[in-house]
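Subject: Structure handover

Hello,

Please find the structure below. My notes on it come after.

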Amino acid sequence: MTDISNAPNSLRTQPDERGHFGQFGGRYVAETLMPLILDLEKEYRKAKADPEFQREFDYLLRHYVGRPNPLYYAQRLTEELGGAKIYLKREELNHTGAHKINNCIGQILLAKRMGKTRIIAETGAGQHGVATATVAALFNIPCTIFMGALDVERQQPNVFRMKLLGAEVRAVESGARTLKDAMNEALRDWVANVHDTFYIIGTAAGPHPYPELVRDFQSVIGRETREQIMEAEGRLPDMLIAAVGGGSNAIGMFHPFLDDKEVELVGVEAAGYGLESGQHAASLAGGFPGILHGNKTYLLQDEDGQIAEAHSISAGLDYPGIGPEHSWLHEIGRARYEPITDDEALASFQHLCRLEGIIPALESSHALAAVEKIAPTLGKDRIIVVNLSGRGDKDIFTVAKALGVEI
Amino acid sequence: MTAHKDDRTASAFARARAQGRAALSIFITGGDPTPAHTGAVLDALVEGGADLIELGMPFTDPMADGPAIQAANLRALSAGTKTTDILAIATAFRTRHPDVPLILMGYANPMIRRGADWFAQAIKAAGVDGVICVDIPTEEDDELGPALRAAGVHFIRLATPTTDAARLPAVLQGSGGFLYYVSVAGITGKQQAAQASIEAAVAHLKSGTDLPIAVGFGVRTPEQAAAIGKVADGVVVGSAIVDLIGRYGADAPPHVKDYVASLRAALEQKELAR
């Protein structure tokens, strides 16, 4: 976990003691959950200071997840784009194929510390569900995954994976039957089972302390990147680029660099069919601050505060909100956020397959599409690191369908 | 508790108490089945004998609600219910029923969308007496509490089975109207709490406040209402009524009125049995 800098002007000391990042974040939950959230925060503070907790976390990341994963110089992609030098942080090489597992390891260790005997989680495409089911199997704790009924239909391979790992998958029939509804249902379950249940939230959002602890568990990405780029180039990169749904892979990469003002931070939001179509998942570009799922953050919503349905070809980005720390970084201008459409992401998905022999997740393909736009505008002496947050094997059916291929 | 003549909420509890019974508070979702039909349902609640009305502000993501009220939210939103409709429903209700307290219940986002001050002033002008907001706990009071109190609208807090003695004073800080005891750790309209646990909880809450205590979540039948009415100052029934609106739609008012009357009779019988 991160050593929080004590420098007075540090951007890395957020959130404040009430869980606020500027005006964002906070603990907007039902009273029933409040004592539990406070307890979780207390337990997390203790765990953070406990060398044994840190040792177990590090051990599992190394021997179970397979960290550190490489920082890979993508030479062919760099040459093709003809500008800045591009490195890929290979989170897709982790066990279960994405960055999600880093956070799940941390949270299940917390659950064990707190004596909880049941795990719940929400999932959209199923990646966080698979990662949660994985650690639940490893720690022999029963686990229930809430997944929108529509996503259950669309993501049968991941549903089967979760079941193989011993999880119960509960199809959520309410609302639009996607990720947002799965999260509502997980919260409903949690409120009814607070005494024995730990909720492993999959992204750096939700009520405090989740945005903070998920960020801390994911910050291993940025810390490794820092060491590896120093080793490879002897200096920090000029730019970091990562896709943002809830934003856990991006905040994990950005956070250790927040105080390095010379490193530009670029988050990539899913623009779906285009911002002007109204069918997208770009909460910062197309939303307004509001309160949902325990935190205050930018949300896609109408003038009455009703939450809009998001759209993205990438199920992992298909959510109408964003983690509160990103809202704050956006508002203070420390990070900038670029929209990338479904079509742009699809093109970059295919480019990376052909150029580097790596099948990227559709989420990560959004970050790659931003690189394709930005790298050619920068000189060859500049360095960009992209978070390749997940592998794309899970997405081949979606991509085939979009390309009109029958498989 | 002294009932102030300008405080409809306090007066409603005082009237019921003077009759030796608990007050009956009924929840429905605003705009269910449509904004145009909500007024007639509200009238039926009053005619049936409701002492207080809780009007739900529909929301796309009702995280604390069970299937019955989730469905009501969807019906209201599908019928095109807007915040302006909720304000119009409240304003019209206040004209027809000058003395019946009207409480808005819902989630934070629709309440703060145009700013907390805008909301507080708009609902005050519409004749609303109090607000129950599920997802603004005392820790986030700044979001809405100061605006409501400045406008003279009660911010009615929720206490739950997980609210322990150490936490209760913080929950009560800045709260008004009454204290809403959520009798089960869970969502609306599902399981029912054991009577003994409710009695213990109400006694515990009473030791911390002079506000009336109303008990809700999982209260469906006249029998349950009567039992809870023996120990609490108020009983809240929501999902059972909302189910009737779901079943009968625009024809719901007579059914709703009869059911509310049966709840009210049960509360009054308790007084006779004493």
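The notes cover the chain and domain interfaces, then the cores and the aromatic contacts.

This is a predicted model, in which local features need pLDDT of at least 70 and side-chain atom pairs count only at pLDDT 80 or more, while totals for chains, interfaces and linings use all residues. Residues are numbered from 1 along each chain as its sequence is written, chains are lettered from A and ligands numbered from 1 in the order in which they are written, and side-chain values use heavy atoms, with hydrogens and water left out.

Chain interface. Seven salt bridges are counted between the chains (a side-chain nitrogen of Lys or Arg within 4 Å of a carboxyl oxygen of Asp or Glu). B:Glu140 also forms a salt bridge with A:Arg18, at 3.8 Å from N to O.

Domains of chain A. The assignment gives domain 1 (20–62 + 99–209) and domain 2 (68–97 + 219–403); such bounds come from an automatic or database domain assignment. Their C-alpha centres lie 23 Å apart, and the contact takes 34 residues from domain 1 and 36 residues from domain 2. The area buried between these domains is about 3,000 Å², of which carbon and sulfur atoms give 62%. In domain 1, A:Phe24, A:His99 and A:Lys180 lose the most area to domain 2. One salt bridge is found across this interface. A:Lys180 and A:Glu309 meet in a salt bridge of 3.8 Å, N to O.

Cores. The largest nonpolar core has 189 residues (buried Ala, Val, Leu, Ile, Met, Phe, Trp, Tyr and Cys residues joined through side-chain atoms within 4.5 Å; buried means under 20% relative accessible area, 1.4 Å probe, protein chains only). At least three of its residues come from each domain of chain A. A second, separate core of 32 residues includes A:Ala243 and A:Leu378.

Charges over rings. A:Lys85 lies over the face of A:Tyr73, 5.0 Å from the ring centre (NZ of Lys or CZ of Arg within 6 Å of the ring centre and within 35 degrees of the ring normal). B:Arg114 sits likewise over B:Trp118, at 5.1 Å.

Regards

Terms used. Buried < 20%, exposed > 50% of the residue type's maximum accessible area, 1.4 Å probe, protein only. Contact = heavy atoms within 4.5 Å. Buried area = accessible area lost by both parts, 1.4 Å probe.
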